[in-house]
Amino acid sequence: MNTPDMTLWQGRIDSADGELGQRWHQIIQAYDETAVTTPTIALLGFACDAGVARNHGRIGARQGPTALRQALSNLPAQVDQYIVDAGNIECDADALEVAQQRYAQRITRLLEQNLFPIGLGGGHEIAYGTFQGLADHLSTTVQPKIGIINLDAHFDLRADEKASSGTPFRQIAQDCTQRGWDFNYCCLGVSEFSNTQALFKRASDLNVTWRRDEDMSIRHIDETLAILNTFINRVDTLYLTLCLDVLPAAIVPGVSAPAAHGVPIEVIEALVDAVCQSGKLKVFDIAELNPSFDVDNRSARVGARMVARVAKHMMANPDDHDL
């Protein structure tokens, strides 16, 4: 893991407003595993797009963690909000599996220290590493009921022999089988025109809960939340992953695979809020930001807003989340 680059954290300073005028760049600290004493959010970058390359997507997501930090820097901080930057796990060339293993080990360590990890991707291959980190943390638990909630236009259940950004949840399903655990997967925002019939069949065979993007407009929000809450009630622990391509391309153009339809940001935020308010969320990551194709940092700003939203929820009631 690289030492966090704290020079990325720069922004406006409103000295006249005192503590209430602080921004993220003023409160962020470099992670020191020997000095964690308070409920804390830990940012961990996964600088990798090897999985996107293997999946024939648009290269550039490895720069996502840097762009997210820069977009977060100037956002207003909350009083009593503790955030540390744990640096990046870098993927060298095509060494995806090595990077995922190192990332998973770091996630496990952060969880052991009672921190709340937020993963900054990177391609959606981050998901396999995040799950592995959480699973290893819970490995002493008898039959942990982990629920995976993926806000995404894609199932990412591809059966390709080689791992990629399109395979993480199929890999997780296989890992659950090997561990003797149930595979509890909910994918909201699925595009009927971005997933083959084979992927829909695989989702059915794995008893995946899903909802199509065209059924997730504002007028459908109560139905969507009901589906989400039913899923949440079935499990004990949640892992939330947000692929930015679930949002319309006009909102987030800087992604590996822009959405032709997408789900309104108001709906995505309501779903994120519901997951955070469940008291079951243990880890969150955000994937597929590709700064190479962004416009006016629009996608990075949306991603930063989502990260800050989750961080605000988790720090508001840390006791509800074992922080």
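Start by selecting W9, in the segment before α1 (24-27); helices (H or I, at least four residues) and strands (E, at least two) are DSSP runs numbered from the N terminus. This is a predicted model, where local features need pLDDT of at least 70, side-chain atom pairs count only at pLDDT 80 or more, and totals for chains, interfaces and linings use all residues. Residues are numbered from 1 along each chain as its sequence is written, and side-chain values use heavy atoms, with hydrogens and water left out.

Is W9 buried or exposed? W9 counts as buried because its relative accessibility is 6% (buried is under 20% relative accessible area, exposed over 50%, partly exposed in between; 1.4 Å probe, protein chains only). Now show what W9 touches: leaving out residues up to four places away in sequence, the list is W24, H25, I28, L43, R69, L72, S73 and D85 (contact means heavy atoms within 4.5 Å). With D85, the side chains make a polar contact at 3.0 Å (a pair of N or O atoms within 3.5 Å; within protein, one must be able to donate a hydrogen and the other to accept it, and residues adjacent in sequence count only if both atoms are side-chain atoms).

Next, select strand β9, residues 281-287, where seven of the seven residues are buried. Which strands does β9 pair with? Strand β8 (residues 237-243) runs parallel to β9, joined by six bridges, and L238 stands opposite L281. Strand β4 (residues 116-121) is also parallel to β9, with three bridges; there, look for I118 opposite F284. (Strands pair if DSSP finds at least two bridges between them.)

On to the rings. The whole structure holds six aromatic pairs (Phe, Tyr and Trp rings, the six-membered one for Trp, with centres within 6.5 Å; planes under 30 degrees apart are stacked, over 60 edge-to-face, the rest tilted). One of them is F46 with Y103, tilted, at 5.1 Å centre to centre and 55 degrees between the planes. That pair links strand β2 (residues 41-47) to helix α4 (residues 96-112), 57 residues apart. F46 counts as buried, at 0% relative accessibility, and Y103 is buried too, at 0%. Then pick F169 and Y185: their centres are 4.7 Å apart and their planes at 15 degrees, so the pair is stacked.

Last stop: select R58, whose charged end sits over the ring of F293, 3.8 Å from its centre (NZ of Lys or CZ of Arg within 6 Å of the ring centre and within 35 degrees of the ring normal).
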